[in-house]
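Please look over the model shown here before reading on.

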Number of protein chains: 2
Amino acid sequence: VLIEVNCETDFVARTDDFQKLVRDLAMQVAGLAPLYVDIDRIPAAELEAKKAALLADNALQAKPENIREKIVDGQLNKWFKEVVLLEQPFRDEDRTVRDLVTEKIATIGENIRVRRFTRYALGEEL
Amino acid sequence: VLIEVNCETDFVARTDDFQKLVRDLAMQVAGLAPLYVDIDRIPAAELEAKKAALLADNALQAKPENIREKIVDGQLNKWFKEVVLLEQPFRDEDRTVRDLVTEKIATIGENIRVRRFTRYALGEEL
């Protein structure tokens, strides 16, 4: 796993607290294999395709029209929790990775941004 | 830098010799910022665009037609030595990275393949 996490100063970048955060985030990427840093990084075409697939579902089509969108929204949120790093639960905790980063921003007192990551899996097709 | 280098057995993967090769290759990627592992990994459209740009050059158009292709081939080879990891000179040595890998295959006695790499640069646009 290669991960880029930005803070504002070299001073913070060198602190144990920040470096522990980066390690924790890298372990999260290694273990839970997210595909995107944040929801807005999902390619529009992929998001549309996912939405269309959910809408086409037979069980959904049997529901009243006025609640279908709500159901699909719920299913999309569930999908985000799988593929989006910041929406994933952190370890087996109640908080998300986004919550963890937000807490660190508060305790460290500098903005922190997970910018990108790359994950290689063994035996993965290229 | 994240780099994947494949060999055939776990035994070789754990040797100092192989691990030194992987570190050397990672340093090469860090320092010389290649874009592709090998020539055949350059996207066809990019290779065509590069060729077209070289062919459109005024100085080239002033040369006799029968030698233009040779000149462009030479310029392409020069470009490969910049953007293709295996074609780059290894450090300041006469051998290329491909030569280095080939030598290691001979001394280690197992096939070795540089499969992919990812390089993050500071301040790089996404």
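What follows is a set of questions and answers on this model.

This is a predicted model, in which local features need pLDDT of at least 70, side-chain atom pairs count only at pLDDT 80 or more, and totals for chains, interfaces and linings use all residues. Residues are numbered from 1 along each chain as its sequence is written, chains are lettered from A and ligands numbered from 1 in the order in which they are written, and side-chain values use heavy atoms, with hydrogens and water left out.

Q: Which class of orientation do α3(B) and α5(B) have to each other?
A: Helices here are DSSP runs of H or I with at least four residues, numbered from the N terminus. Axes are lines fitted to C-alpha atoms over the stretch in contact, with angles from 0 to 180 degrees between N-to-C directions. The axes of α3 (residues 44-55) and α5 (residues 65-83) of chain B come within 10 Å and cross at roughly 130 degrees. Angles under 35 degrees count as roughly parallel, over 145 as roughly antiparallel, 65 to 115 as roughly perpendicular and the rest as oblique, so α3(B) and α5(B) are oblique.

Q: Which residues of α5(B) meet α3(B)?
A: Contact means heavy atoms within 4.5 Å. On the α3(B) side the residues are B:Glu46, B:Leu47, B:Lys50, B:Lys51, B:Leu54 and B:Leu55. On the α5(B) side they are B:Val72, B:Gln75, B:Leu76, B:Trp79 and B:Phe80.

Q: How are α2(B) and α6(B) oriented, roughly parallel or roughly antiparallel?
A: Their axes come within 11 Å and cross at roughly 175 degrees. That angle makes α2(B) and α6(B) roughly antiparallel.

Q: How many residues apart in sequence are the parts that B:Asp17 and B:Lys104 tie together?
A: The side chains of B:Asp17 and B:Lys104 form a salt bridge at 3.3 Å, N to O; the term requires a side-chain nitrogen of Lys or Arg within 4 Å of a carboxyl oxygen of Asp or Glu. B:Asp17 lies in α2 (residues 16-32) and B:Lys104 in α6 (residues 97-108) of chain B, so the pair ties together parts whose separation in sequence is 87 residues.

Q: Which three residues supply 53% of the area that chain B buries against chain A?
A: Buried area is the accessible area (1.4 Å probe) that two parts lose on being put together, summed over both. Chains B and A bury about 1,300 Å² between them, 55% of it on carbon and sulfur atoms. The three residues are B:Leu2, B:Arg116 and B:Tyr120.

Q: Which residue of chain B forms a salt bridge with A:Arg116?
A: The rule finds two salt bridges across the interface of chain B and chain A. With the closest N and O atoms 2.7 Å apart, the partner of A:Arg116 is B:Glu124.

How values were computed. Helices (H or I, at least four residues) and strands (E, at least two) are DSSP runs, numbered from the N terminus.
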